[in-house]
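Student: Hi! Could you walk me through this structure?
Tutor: Happy to, let's bring it up.

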Amino acid sequence: MQSCQLSADWQHHSTSYEEPTLGDSPYGSLWPLPQKVQISTVVFKLSGASFHIFDAKASSSGASCRLLQNAYRRYDEYIFTSSRKQGQNKSKKALASDMSELQVWITSADSECDSYPSVTSDESYKLSVDSPVAVLKAPKVWGALRGRGHSFYSTHCLYSDEEKSINRTDIHDFPRFAHRGLLLDTSRHFLPIKVILANLEAMAWNKFNVFHWHIVDDPSFPYLSRTFPQLSQHGAYHPYTHVYTPSDVKMIIEFARLRGIRVVPEFDTPGHTQSWGKGQKDLLTPCYSGASPSGSFGPVNPMLNTTYDFMSMFFKEVNTVFPDAYVHLGGDEVDFSCWKSNPDIQKFMEQQGFGTDYSKLESFYIQRLLDIVTTTNKGYMIWQEVFDNGVKLKSDTVVHVWMGNKVEEELQKVTEAGFTTILSAPWYLDYISYGQDWQKFYRAEPLSFKGTDAQKKLVIGGEACLWGEYVDATNLTPRLWPRASAVGERLWSDRDVRDLNDAYSRLAKHRCRMVQRGIPAEPLFTGYCAHEYKGV
Amino acid sequence: MEEKTISNSRRCYKQWLCFMVLFMSFSVIYVDAVWPMPQMISSSMARYTLNPREFIFQYSSGSSAQPGCSLLDSAFERYFPLIFTDYRAARPRQHNEWFRFPFTVVVHVERAECEGYPDADSSESYKLSVCSGQAALRAETVWGALRGLESFSQLVYQDDFGEYFVNETEIEDFPRFQFRGILLDTSRHYLPLHAILKTLDAMSYNKFNVFHWHIVDDPSFPYQSSTFPDLSSKGAFHPSTHVYTQIDVKRVIAHARLRGIRVLAEFDSPGHTQSWGKGQPGLLTPCYKGTVPSGTFGPVNPANSSSYKFMTHLFKEVTSVFPDSYVHLGGDEVDFTCWKSNPDVRGFMLKMGFGTDYTKLESYYMENMVNITKGLNKTAIVWQDVFDYHEKIPVDTVLHIWKGSPGQIQQELSSITLAGYRVILAAPWYINHIDYGQDWEKYYTIQPLNFTGTEQQKKLVIGGEVCMWGEYVDATNLSPRLWPRASAAGERLWSDEKMTSSVIDAFPRLVDFRCRLLRRGIQAEPLFVGHCRHEYQGI
């Protein structure tokens, strides 16, 4: 409760974090920092009039690749927005030293232009900027998005100048981790589609590639299911204004795909399901007060066959709606008190020989759920409790580590058991505090636990989580950016990239770039952007 | 229906009866919807349907304000769409248009200061009676009428089918504290004009009445002075995009005036002045390293008479630009190390007989500043540091408390008021400090008068202020960080403390109120899990 950092020292303007010294990074505004980058002092001019992005002749993707064509247009707008508005494109002739084109060359035979990104997608790229042509080479479109998506623009540092310019640069880049996710919670507060799309866009600028959509939970069920429309009819905050229709979901998935972002939905059970109960009778366990039902409900009722019939049909739908190879099944924070109060459950426990160990009942439920989901050919992700409770998991299960205590121990155990894992514990962005807490997120190191190289390889990435208790459309975006950007660099860049001063300098510029592109990313500290946020 | 109206209208004449209903009506939704809570409010379940096409504002025949009172005319224009949030033809009908059953808000003002500015002693009290198919709003001043219009707008609610209603209600209201301020800091980050204007809008919805504009500080000097243009051309983050021109400042003052809000300008010195030095060479103290200047600068140089000449010119301008009769002189957090290093300053200390007590030097400087302001017929407000150093300052100076533990704050309140000075409390409401969870409760439960002192001393606490310092705040996150957290302080400063002592009672009211703010386009963040009928539509 106490605001510890502040009471100690009564200054108007104290800060609890060390203030990084301001200085220019040799890497300009590159964020996240590429794996290998060489920037020369030779500068080329970019002119909006003559500059073009197009497919290299030898590229396996051509004009029919909507994904790349869209990306070209997007970034062309980002790069030249301000200068074209200022009328700088008045047919200036390209000088000899001008940079006049960017060639995009997809080198492998299958560009994957029409597929969905996956955990094994190749996101590597090489970018060589040398007059008069810059060449972006990538095996797949996903790498091209990362290269286009970011580095090319980032390298030119002189935004305030009317002329855009770019240094001679060589980049060879690839992600450190394959899973770089962001969790948004649309149950505690409903997030309008517009907000989700804007943040997918910002994710792409930060090279995130997984949108973990914590779509339903206790407070509300905004997912409009075709099979069980009553779930949102009764479980959403409002059946029409606070729901995601099938076409909304489709739009989000395609918007994400065009940016190389996977959409992994989470349908968390058996706990966190209060809102499910409103539209689906008998799904939840009736809690008892003494010998009679109290009128309140607990987790999903694990002893009824109807529960599993429902889950089969429901996840069949989820499987067809969400193309990603994974679905997140939750499994966290199951409260046993309601199960314990229910005489039918007590009897069932006895029949099954579970004694009074309710975690066995939980495992019983999860086991059957996993079997159901396995038949739909989806892989699954689960929160760490499911692993901790000893549920038998498929070998390709991703265990999601979120608990703040004993993180290293947990990573060690999970990987020792041979499971892939992702880390969220250090990156709960909904926890706010005064000052530059991005440094804390930035310093976190996913592979600091003890283990073999093989174990370390099982850590496939991490996720920043923005839970929704105190967050909705009014404050989500400034609370997320640029704090999530710190996580973005930790997950993309080399382990040795951890100089806070260098990071501060680049991140301050990166955040101004986000602001200029219309994302209200909050400031890191005192200072200014050439183009301040225009909305309110 | 007819019968109900009659029986209820009878009750309107017996207001004492209405007040008895007060505490029984809290469980009824919508009825206690006014934030901050009026001093006295009672309402019944009887309600009137409001139709935007049959709704007018009107001046009472005996009112000293009549059509043409710019302040109230524009308030009517403003409140019509705030009351009828879905109605697209944004203009209210004129009073001379004919209706069969118009619902009329009859406004009566005793003293019409329609072209004036609100000031420290402006009355904001009003009486509002929604009864017999109309609303009667009576106020001594136009400022009170503005507060009453705000309350009326909050009494109106919509049902699920979009129909507008107002319940029969009696309100008698006045502020607990005269000074209810919000500080914005436009030096650490530049706030675009629209962000300031939007904040003023939200302030009026919360009945705040002072915008404390901490306009300049170390990092930047965005105020474009007509006397000393170099101050902003060299001291602002950017000389043309990150400045407030004279026109901008006028616009802020005009926008605030229309909402009954004073604009209190702060030009903090002698510390917090790094940005001043860029455009005014010789103003700041050169720091020394050994016997040579180190190239860095400290606070304003108090040993040079030119410093005071400059300040006199600057404040002459400032006091003519800002119409309020108060001006904030700052005076906080002066670091003595640079003064100590400078041989000229040391020589001056010797000459003045200050010994090595640099607080005496600071006192000397502040005394001069207060006298300059006095010469310009303005009253000075200064941060508590000035009192703490026992400087000789005129007894009408207002002290501004900003630091300390709860115990220290109480002590400070006691000793400042014992010395006979008026005081403004800001320390508990440093809202730029953020924390996980519902910290509005912390701001809500502050008891400003809980300190040892006589009745007379307590009267010297003229109000409080919410401070949003700018280290981590700019236009991207200002609004959600300010609202509804500042609303908690707003109610503390306006309402009766006993009536509003329960956080549990306040919660559902504040939840409603924040949804109302959203509906009005204010980006107020959620208090907890839940939803508003109309969510925020921006990003």
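Tutor: What follows is a short chat about chain folds, sheets and cavities.

Student: What should I know before we start?
Tutor: This is a predicted model, where local features need pLDDT of at least 70 and side-chain atom pairs count only at pLDDT 80 or more, while totals for chains, interfaces and linings use all residues. Residues are numbered from 1 along each chain as its sequence is written, chains are lettered from A and ligands numbered from 1 in the order in which they are written, and side-chain values use heavy atoms, leaving out hydrogens and water.

Student: OK, how many helices and strands does chain A have?
Tutor: Chain A has 18 helices and 17 strands. These are DSSP runs numbered from the N terminus, helices being H or I with at least four residues and strands E with at least two.

Student: And how much of chain A is buried?
Tutor: Of the 536 residues in chain A, 61% are buried. Buried means under 20% relative accessible area, exposed over 50%, and partly exposed in between, with a 1.4 Å probe and protein chains only.

Student: Which residues of helix 17 of chain A are buried?
Tutor: Helix 17 covers residues 483–492 of chain A, and ten of its ten residues are buried. Among them are A:R483, A:E489 and A:W492.

Student: New topic: which strands make up the closed barrel?
Tutor: Eight strands of chain A, in the order 8-9-10-13-14-15-16-17, with parallel pairing. Two strands pair if DSSP finds at least two bridges between them.

Student: Can you zoom in on strand 10 and strand 13 there?
Tutor: In chain A, strand 10 (residues 262–269) and strand 13 (residues 326–330) are parallel and share two bridges. A:E266 has A:H328 of strand 13 as its bridge partner. Helix 11 (residues 358–375) of chain A packs on this sheet and touches strand 10, strand 13 and strand 14 (379–383) of chain A. Touching here is a contact, with heavy atoms within 4.5 Å.

Student: What about the open sheet in chain A?
Tutor: The open sheet has seven strands in the order 2-4-6-5-7-1-3, with mixed pairing. Strand 2 (52–55) and strand 3 (98–99) of chain A are at the edges with a single partner strand each, so one side of each has no neighbour in the sheet. Strand 2 of chain A runs parallel to strand 4 (residues 101–106) of chain A, joined by four bridges, and A:I53 is opposite A:L102 in strand 4.

Student: Is A:K57 buried or exposed?
Tutor: A:K57 counts as exposed, because its relative accessibility is 88%. A:K57 sits in the loop between strand 2 and helix 2 (66–85) of chain A.

Student: Last thing: how many cavities are there?
Tutor: The search of the whole structure finds 13 cavities of 30 Å³ or more. On a 1 Å grid over the protein atoms alone, a cavity is a set of points where a 1.4 Å probe fits but cannot get out, and lining residues have an atom within 4 Å of a point. Grid points are joined across faces, edges and corners, and a volume is the space filled by probe spheres set on the points.

Student: What lines the largest cavity?
Tutor: The largest cavity holds about 270 Å³. Of its 21 lining residues, those closest to the centre are A:I432, A:N475, A:R479, B:R485 and B:E525.

Terms used:
Axes fitted to C-alpha atoms, helices over the stretch in contact; angles between N-to-C directions. 1 Å grid on protein atoms, 1.4 Å probe; cavity = no way out; pocket = protein on both sides within 12 Å on 5 of 7 lines; lining within 4 Å.
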